[in-house]
Amino acid sequence: RAARELARLTAWNEDGGEVREVLTERRCADGRPVLVRLSRQVLRDREGQVQGAIAILRDVTESEGAMRRAAEALHLARLGRIASQIAHEMRNPLAGIHGAIQILQRRSSEQSEEAEVYAAIGEEVRRLDRLVTDLQRFARPSGSRVEHLELGAWLRERVPVLLQSWPGIQCTLATAAEVSLS
């Protein structure tokens, strides 16, 4: 993989002497992978002779990770919408089938062969209904808990604890009631 990438970069470089914003993965000295955006430009004199090159490598591991997580969240949201639509479309016919089976069961004797078939169909409808319920549960975003708090009191409680972890750091906390905007 690395050899193919090097060949590709070399070809781009020979083609125009320029490589712009190529995303590549590299390893740190500790073996940790990092995503890097590479730009390289050959420097030529007035006669077109190569005098050197400049390369810029930017670690974009965090930003690329954030973009991937955002894309994954979007994908999951779309999947949730599709699951919700499928569940809705399945539930309506299942309700109709279930109602029809109940009517047919009432019309047949309890010991008949038809009653057994109706009971089996009814059980399968209930199984599918449970599946639809699970699908809807998956499609529904998990509920967030909203909690109101008095921010000033919350900060007055927590800032001193944080400051104990960072000796030498000074912090002054003022709430809106204590701040003059004039």
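Contact, in what follows, means heavy atoms within 4.5 Å. Helices (H or I, at least four residues) and strands (E, at least two) are DSSP runs, numbered from the N terminus.

Good morning, colleagues. This is a predicted model, in which local features need pLDDT of at least 70, side-chain atom pairs count only at pLDDT 80 or more, and totals for chains, interfaces and linings use all residues. Residues are numbered from 1 along each chain as its sequence is written, and side-chain values use heavy atoms, with hydrogens and water left out.

I begin with the chain as a whole. It contains four helices and three strands, arranged along the sequence as α-β-β-β-α-α-α. Of its 182 residues, 18% are buried, where buried means under 20% relative accessible area, exposed means over 50%, and partly exposed lies in between (1.4 Å probe, protein chains only). Among contacts with a separation of 6 or more, 32% join residues 24 or more positions apart.

Let us turn to helix H2, residues 61-107. Its 47 residues should span 69 Å at 1.5 Å a residue, and the end C-alpha atoms are 68 Å apart, which agrees; the expected span is 1.5 Å times one less than the number of residues. Which residues of H2 are buried? They are Glu 64, Gly 65, Gly 80, Ala 83, Ala 87, Leu 94 and Ile 101. Their cover includes strand E1 (18-27), strand E2 (33-44) and helix H3 (113-139).

The buried residues of H3 are Ala 115, Tyr 118, Gly 122, Val 125, Val 132 and Ala 139, and they pack against H2.

How do these two helices meet? The axes of H2 and H3 come within 8 Å and cross at roughly 160°. H2 is therefore roughly antiparallel to H3, a term for angles over 145 degrees. Axes here are lines fitted to C-alpha atoms, for helices over the stretch in contact, and angles run from 0 to 180 degrees between N-to-C directions.

Finally, consider the loop between H2 and H3, where Ser 108 lies. Is Ser 108 buried or exposed? Ser 108 is buried, because its relative accessible area is 14%. Apart from neighbours within four places in sequence, Ser 108 is in contact with Glu 114, Ala 115 and Tyr 118. Of these, Ala 115 and Tyr 118 are among the buried residues of H3.

Definitions and conventions
Parallel < 35°, antiparallel > 145°, perpendicular 65-115°, else oblique.
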